[in-house]
Amino acid sequence: MNEQRFWQLIDESRATAGGARDMASAQEQAEALEELLMREPPADLLDFERLFSELMARSYDWNLWGAAYVLNGGCSDDGFEYFRAWLIGQGKKVFEAVLADPDSLVDYADDEVESEDLLYVAGRAYEEQTGDELPSVTVDLSDEPRGEEWEEEELPERFPRLSAKFG
């Protein structure tokens with residue numbers, strides 16, 4: 001599976017779950033994506049998991065964490081992981097836009113901006129197909145997010161649009 005196919009599956013799952021981006025619930029999208037992945041060969045499920053993990057690592061960034069913090073009224077380690085999974089679930093265009101400008105999240109976010117379920121879809125599909133657990137995928141993830149760490153009181157200045165709407 002290549003990156004183009006990865007994003008195609010993300011878009012199809014979002015469309016199946018609710019049609020428009022903002023109508024798809026995270027759980028419905030995860031269920032739709034798992035169904036789509038069940039049609040893929042096991043080797044492609046490994047590729048999907050690797051690509052997903054690479055995007056999770058790429059989005060491990062203090063600036064993005066700050067935006068998630070403003071949007072959610074706080075954001076734990078686990079919450080940031082679920083947020084990044086949700087962001088991947090929004091598709092390539094949104095993912096890239098928000099990575100480039102986290103304050104633009106205000107244009108895409110609503111009240112449900114976490115998706116723990118998306119973290120496990122490839123593993124569940126793989127296990128259903130093969131009876132085995134999905135082999136571990138190794139992706140280089142630093143111990144600390146990239147970028148400059150922030151203090152909570154700095155966030156309204158860093159993310160004025162998000163702060164105005166969600167702060």
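The model is predicted, so local features need pLDDT of at least 70, side-chain atom pairs count only at pLDDT 80 or more, and totals for chains, interfaces and linings use all residues. Residues are numbered from 1 along each chain as its sequence is written, and side-chain values use heavy atoms, with hydrogens and water left out. The structure holds 8 salt bridges. A salt bridge here is a side-chain nitrogen of Lys or Arg within 4 Å of a carboxyl oxygen of Asp or Glu.

**Terms for place and exposure**

- Helices (H or I, at least four residues) and strands (E, at least two) are DSSP runs, numbered from the N terminus.
- Buried means under 20% relative accessible area, exposed means over 50%, and partly exposed lies in between (1.4 Å probe, protein chains only).
- Accessible areas come from the Shrake-Rupley method with a 1.4 Å probe; for residues, only the protein chains shown count as cover.

- Arg5 pairs with Glu40 in a salt bridge, with the closest N and O atoms 2.5 Å apart.
- This pair links distant parts of the chain. Arg5 sits in helix α1 (residues 3-18), while Glu40 sits in the loop between α2 (26-37) and α3, 35 residues apart.
- Arg5 is partly exposed, at 24% relative accessible area. Glu40 is buried, at 10%.
- A network of salt bridges links Arg5, Glu12 and Glu40.
- Arg14 and Asp11 also meet through their side chains in a salt bridge, at 3.2 Å from N to O.
- Arg14 and Asp11 are separated by about one helical turn, because they are 3 residues apart in helix α1.
- Arg14 is buried, with a relative accessible area of 13%. Asp11 counts as partly exposed, at 33%.

- The side chains of Arg158 and Glu148 form a salt bridge, 3.8 Å from N to O.
- This pair, too, links distant parts of the chain: Arg158 is in helix α8 and Glu148 is in the loop between α7 and α8, 10 residues apart.
- Arg158 is partly exposed, with 28% relative accessibility. Glu148 is exposed, with a relative accessible area of 59%.

**Negative surface patch**

- Asp143, Glu144, Glu149, Glu151, Glu152, Glu153, Glu154 and Glu157 form a negative surface patch.
- Patches are made of residues with over 30% relative accessible area and no salt bridge; like charges are joined within 9 Å, and nonpolar side chains (Val, Leu, Ile, Met, Phe, Trp, Tyr) within 5 Å.
- Lys and Arg count as positive, Asp and Glu as negative; His and the chain ends are not counted.
- The place of a charge is taken as NZ of Lys, CZ of Arg, CG of Asp or CD of Glu.
- Glu157 of the patch lies in helix α8 (residues 155-158). Glu157 counts as exposed, at 74% relative accessibility.

- Ala57 is in helix α3 (residues 42-58). Ala57 counts as buried because its relative accessibility is 10%.
- Beyond its neighbours within four places in sequence, Ala57 is in contact (heavy atoms within 4.5 Å) with Val139, Asp140, Leu141 and Arg146.
- Between Ala57 and Trp150, the C-alpha to C-alpha distance is 19 Å, and the two are 93 residues apart in sequence.
- Ser115 lies in the loop between α6 (92-100) and α7 (121-130). Ser115 counts as buried, at 2% relative accessibility.
- Ser115 touches Ala26, Tyr82, Ala85 and Trp86, leaving out residues up to four places away in sequence.
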